[in-house]
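Q: I am new to this structure. Please show me how to read its features one at a time.

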Amino acid sequence: MTLKVVVVGAVEGHFTTVFEKLRKLHAKNGFSLAIIVGDLFRDPAESSSEDEANITNLVKGNITVPLPVYFTLGRYALPPEVVEKLNTSDNDLCENLHFLGKRSTFKTSEGLRIVALGGLLDTAITAGLSKDQYLPFHTEDDAKSLKGANNADILITTHWPTLIRSGSKVDLPDGVGTPQTEQCVADLCSALKPKYHLSVSKDAFYEREPFFHLTEDGQPDPMSITRFLSLAAFESVLKQKWLYAFSIDPNATATTTITPGTTASPLNVRKRQRQEDVQSFSRFSDGGDHYRPKKRPVHRRSQPGPQQCFFCLSNPNLAAHLISSIASDSYLTISKGPLPMSTTFPQLGCPAHILIIPLAHSPTMGCISEQEVRSATYKEMQRYRRALHSMLIDKANSSIGAITWEISRADGVHFHWQFLPVRAELIQKGLVEAAFKVQAENEKYPTFKAKDIGDGTAEKGDYFRVWIWCPKEGETNGADAANGDCSSEDDTSETRGKEKSLVLPLSQEMRFDLQFGRRVMAKLLGLEVRAHWKDCPQTEQEEQKDAETFKAAFKKFDFSLDE
């Protein structure tokens, strides 16, 4: 289905006039939707009583919005009355006027996929996600998190991507310099390869030549063509173009030829493209939703998108205060409703129940289609695991080991690994291994097999895997442990301590309890009453305290801080 989209530059408070112009245009052209780039509202410092009255009328629905209109943040904060309404209306300011959020992925009813990164880069925040979705500032991690959308029909940003004019013959109007650019925006565009990248420049309209992205082997990819457009503000001093319309079919087959005038991508890509999209209903429901051959067809319920996924960083409702580290292809977060308590391992000062989560939205490692991205993700998740082991050696003098478990299922949504400390003596006596095997036997599950399956992509079906790691007695950290490195050329190998991998095959027909790994460890640790995360509620203040304690303990081993 071909959609007719109209894009509007910064409105800056003139929405009554703009909506009336859109009404007339819509009556003639029958647009499917409109997108506002830049600020819908005026700078609060310059707001007049008339502006405030117009905002009140808009919020109350007294101003007609003639067609579905989507907006995000620009350079200014949203007015308080607007924020109050959005907080109670699921981001619908009034009929037909929807706030995309500052950091979001959104799919319209017609199937158009929109990714938005509003606001300006806040250089004062060096790591982490911005927490207030109504303030006009974002972080590099906000941009990085949106790569989880994997692709987009339309990308909206306030700033231009770095080097976007490189290789272009299109000039800006006389007297207009290149608007502010961001490298993280360039990286995001390169990762998503949107069909349209929309931005705003107050006094100039700029339409760059289309550009193609490159395939993994460095060849031009005619199926990923991006058109970059930047619109002037509605009341541009230079009277530049503030309105632009185009047609797009989100389901159309991409072209296999590169049309004349198309250039190579000008963007300076510092990091690989990452694949991320949809995720799990619960922060603790392991699993995924990828395709594997030789599987009987199954009828699946509709899976949540990135904005509903509790593991996707692009989810605007993400519990960002739990996140402890974000690297290139994965991130760490403390567990909500952790199995241990802060007193369980006094040496650590916090539960240290950690989730290692890929940025790529994928139900299993094997679902990540690009081999380079899959390999990088697995290596980095292993690097995080080794860094956590080093932290335990440092804090507990080798008295604490760890297990890490994973559920890889074709009918899941977003896979992850759960890391849990355990007393080293329980591992040394074989009690941890025995606990898993006995529980599997009691529940009439298949038999565990001791084997190393690497990234798991060679496995023919679903599986549950647990790594059981124990440090060497008296072991201390070497010079390279602080960044998760090891001496082996294989980034995934465990060279410090002793480790065993157990794999439990899962058939599609069997009913497997997603809390299996946690239940086994709850029983072994004498924490049966905490066997389900929902039975272990914490206040946000308690969660923040645990997160800060963990980050302090992990800081010198967190390699993401150096990259």
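A: Start with burial: buried means under 20% relative accessible area, exposed over 50%, and partly exposed in between, with a 1.4 Å probe and protein chains only. Of the 563 residues of the protein chain, 58% count as buried. This is a predicted model, in which local features need pLDDT of at least 70, side-chain atom pairs count only at pLDDT 80 or more, and totals for chains, interfaces and linings use all residues. Residues are numbered from 1 along each chain as its sequence is written, and side-chain values use heavy atoms, with hydrogens and water left out.

Q: Is S560 buried or exposed?

A: S560 counts as buried because its relative accessibility is 14%.

Q: Which residues does S560 touch, not counting those up to four places away in sequence?

A: Contact means heavy atoms within 4.5 Å. On that basis S560 touches S325, I326, A327 and Y384.

Q: With which side chains does the side chain of S560 make a polar contact?

A: A polar contact is a pair of N or O atoms within 3.5 Å; within protein, one must be able to donate a hydrogen and the other to accept it, and residues adjacent in sequence count only if both atoms are side-chain atoms. The side chain of S560 has such a contact with the side chain of S325 at 2.9 Å, and another with the side chain of D558 at 2.7 Å.

Q: What share of contacts in the protein chain joins residues at least 24 apart?

A: Counting contacts between residues at least 6 apart in sequence, the share is 78%.
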